[in-house]
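Please read the following paragraphs with the model open beside them. They move from the sheet to the elements around it, and then to individual residues and their side chains.

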Amino acid sequence: LQNAELGKRAPRWIRDNEVTMCMKCKEPFNALTRRRHHCRACGHVVCWKCSDYKAHLEYDGNKLNKVCKDCYHVIIGCTDSEEKKKKGILEIESAEVSGNSVICSFLQYMEKSKPWQKAWCVIPKQEALVLYMYGAPQDVKALATIPLLGYTVDDTPRSADLPHSFKLTQSKSIHSFAADNEELKQKWLKVIHLAVKGETPECQNE
C-alpha cells in the first residue's frame, strides 16, 4: 500500500511461510524466541519488537490496531529521517528484485561441505552479473550475493541424488547449485554462462 492509503484499506497479508526474518529489523525468526506478528496496516510479517506500536486504522472503524514502527510514523504523521539511511547491498528486498529480474527461482545450494539448503535465487535486471540468495521469496535481506564475473561454470552433476546440479568456482570459492529439473537448470546456465563473461543476459522469466 502507498503511504497515503495506510490504515484506510486492509492490506494484503504476507503469509508466515513466505519469510524467514522480520521484514523490518531483519532478525531471523526462530522457533523459540521470535513469534511472528502481522502489521495491521501494511500486512508485513514482523517480530514482537517491531510490532510494539498501536495506531487507529480507518478501515477497522478507527479501532486501535498493532502496527509496525514504519506505519506508526506514517499514520501519526511523523517522519524519521534516520530511517532513510542508504540500504546496504544485501538489503535489497527480494520481492523488489524478483519482480524485476532476469531469472529467479528456488535452487538447492551448497557451500564447501555444508549441507544442501533451499534458497530463493535471483539475478536482478539492474545488476545482471550478481546472484542474490534469499531464504524465502519475501525476505527483505539477502543471505548472500555472488558477483558472477570471472567464475568458471561446471555443469556436470555432482551426485546421482541431484542430477540437475552445477557449480561455480573461482580460486578457492566453490558454490554448488541444484535445480528441480533439467529445463530450469539450463535456463540458469544460459544466464550464468553470459554473466561470468561480463555479458548481460536476456530475461529468462517468461
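Two strands are said to pair if DSSP finds at least two bridges between them, and the strands themselves, like the helices, are DSSP runs numbered from the N terminus, with at least two residues (E) for a strand and at least four (H or I) for a helix. The model is a predicted one, in which local features need pLDDT of at least 70 and side-chain atom pairs count only at pLDDT 80 or more, while totals for chains, interfaces and linings use all residues. Residues are numbered from 1 along each chain as its sequence is written, and side-chain values use heavy atoms, with hydrogens and water left out.

With these terms in place, Cys121 can be located opposite Met133 in S7. The strands concerned are S6 (residues 117-124) and S7 (residues 130-134), which run antiparallel and are joined by 3 bridges. Both belong to an open sheet of 7 strands, paired in antiparallel fashion and ordered S8-S7-S6-S5-S11-S10-S9. Strand S8 (144-147) and S9 each have a single partner strand and stand at the edges, so that one side of each is left without a neighbour in the sheet. From one strand to the next, the twist averages 35°, where axes are lines fitted to C-alpha atoms, for helices over the stretch in contact, and angles between N-to-C directions run from 0 to 180 degrees.

Helix H3 (residues 182-195) packs on this sheet and touches strand S5 (101-111), S6, S7, S9 and S10, while its direction makes about 105° with that of S5; contact here means heavy atoms within 4.5 Å.

Strand S5 also has a part in the second largest pocket, contributing 3 residues, the largest share of its lining. Among the lining residues of that pocket are Tyr109, Met110, Glu111, Lys114 and Met133, and about 160 Å³ of space lies within the pocket. On a 1 Å grid over the protein atoms alone, a pocket is an open set of points, where a 1.4 Å probe fits, with protein on both sides within 12 Å along at least five of seven lines, and lining residues have an atom within 4 Å of a point. Grid points are joined across faces, edges and corners, and the volume is the space filled by probe spheres set on the points.

Another antiparallel pair is formed by strand S3 (residues 53-57) and strand S4 (residues 63-67), which 5 bridges join. Lys54 stands opposite Lys66 in S4. The hairpin of S3 and S4 has 5 residues between the strands, and Gly61 there takes a positive phi near 65°.

Most residues other than glycine have a negative phi. Lys26, although not a glycine, has a positive phi of about 70°, and its place is in the segment before strand S1 (37-38). Ser171, likewise not a glycine, has a positive phi of about 40° and lies in the loop between S10 and strand S11 (173-178). As for accessibility, buried means under 20% relative accessible area, exposed over 50%, and partly exposed in between, with a 1.4 Å probe and protein chains only. Lys26 counts as partly exposed because its relative accessibility is 22%, whereas Ser171, at 79%, counts as exposed.

The segment before S1 also holds Leu6, which counts as buried because its relative accessibility is 10%. The C-alpha atoms of Leu6 and Ala41, 35 residues apart along the chain, are separated by 5.7 Å.

Which charged side chains meet in salt bridges? The structure holds 7 salt bridges, each defined as a side-chain nitrogen of Lys or Arg within 4 Å of a carboxyl oxygen of Asp or Glu. One of them joins the side chains of Arg9 and Glu5 at 3.2 Å, N to O; Arg9 is partly exposed at 44% relative accessibility, and Glu5 is partly exposed at 27%. Lys63 and Asp60 meet in another at 3.8 Å, N to O, with Asp60 partly exposed at a relative accessible area of 25%. Lys167 forms a salt bridge with Asp154, their closest N and O atoms being 4.0 Å apart. This pair links distant parts of the chain, with Lys167 in strand S10 (residues 165-170) and Asp154 in strand S9 (residues 152-154), 13 residues apart. Salt bridges that share partners also join Arg12, Arg15 and Glu18 into one network.
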